[in-house]
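Hello,

The structure we talked about is pasted below.

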Amino acid sequence: MNGHTNGTNIFADKATFIVRRMLSDPEKKWVTRDFTGDSGVSLGMAQGTLEAMAKKGYIERVKRGPDSYALLTNKDELVKDWLVEYQFELNETEVYYSPDKNILSKIKDYLKDKLYALTLHSGANLITSFVVTDQVYLYFRPDNWEKEILDLRQQLDLKELVRGGNVHIVRPYYKNNVFYGVRTIKGYKVVSYLQLYLDLYNFKPRGREHAEYLKKYLEEKGKNLYES
């Protein structure tokens, strides 16, 4: 089962704004205007996405004239189908090498005023400490990719290798919404729990294992995997 209905792919970048918002507050009665406005999507996108979600059975729409609303009724199925549609490899990744054992901390200091967020094991480990790895994965979305990457590489002395590398700079597939719900953990910006789960789930090595552990860990702490 995929997310395409009536030409609306609910797992496409902009449409996931609606999916992410609904998952973050699963009991809420949502109206279309909750998703529109300055930081939201167009009215047409909101209506099309809600219609597609209703057809898939993820939400129920209660029609009461001006008091109509939508309720998320099948979040587990929704996320399961999203995991079929998405894998981390849809992002574009540039890989570099640093011998510096403190490279993660130096990256954090260098990027502190820029739009970035850690993901995969390097993001999730700040919550779980589950996988021992020296690999750094981070989303980066500068205004000028070539210039900013060059500056970053020069400042941090990152090398390009034919193979191997431990610093992965990622151009996000979800360029609008990968930063939705970013939180600061131990001084680092990290993607939302949901995005961590999505990125890890189909990732090798040990991604699914870490995704499931993260979900269980958050549940034990009384947190919602989908909260933003």
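The largest cavity in this predicted model is lined by R20, Y180, S192, L194, Y226, E227 and S228. A cavity here is a set of points, on a 1 Å grid over the protein atoms alone, where a 1.4 Å probe fits but cannot get out, and lining residues have an atom within 4 Å of a point. About 30 Å³ of space lies in this cavity, and the structure holds one cavity of 30 Å³ or more. A volume is the space filled by probe spheres set on the points, which are joined across faces, edges and corners. The cavity lining divides into three nonpolar, two polar and two charged residues. Ala, Val, Leu, Ile, Met, Phe, Trp, Tyr, Cys and Pro count as nonpolar, Asp, Glu, Lys and Arg as charged, and the others, Gly among them, as polar.

On the sources: residues are numbered from 1 along each chain as its sequence is written, and side-chain values use heavy atoms, with hydrogens and water left out. Local features need pLDDT of at least 70, side-chain atom pairs count only at pLDDT 80 or more, and totals for chains, interfaces and linings use all residues.

R20, from the cavity lining, is also one of the buried residues of α1. Helix α1 covers residues 16-24, and eight of its nine residues are buried (under 20% relative accessible area, with a 1.4 Å probe and protein chains only). Helices (H or I, at least four residues) and strands (E, at least two) are DSSP runs, numbered from the N terminus. The buried residues of α1 pack against α2 (43-56), β3 (59-62), β4 (69-72), α3 (75-85) and α7 (193-201).

Next, the largest pocket. A pocket is an open set of points with protein on both sides within 12 Å along at least five of seven lines. This one has a volume of about 310 Å³. Of its 17 lining residues, K101, I103, T133, D134 and V136 lie nearest the centre. Helices α4 (103-110) and α5 (120-128) each supply at least two residues of the lining. By class, the pocket lining has six nonpolar, eight polar and three charged residues.

Last, is H210 buried or exposed? H210 lies in helix α8, residues 207-220, and counts as buried because its relative accessibility is 0%. Leaving aside neighbours within four places in sequence, H210 is in contact with H121, A124, N125, T128, F130, V131 and L200, where contact means heavy atoms within 4.5 Å.

Regards

How values were computed. Buried < 20%, exposed > 50% of the residue type's maximum accessible area, 1.4 Å probe, protein only.
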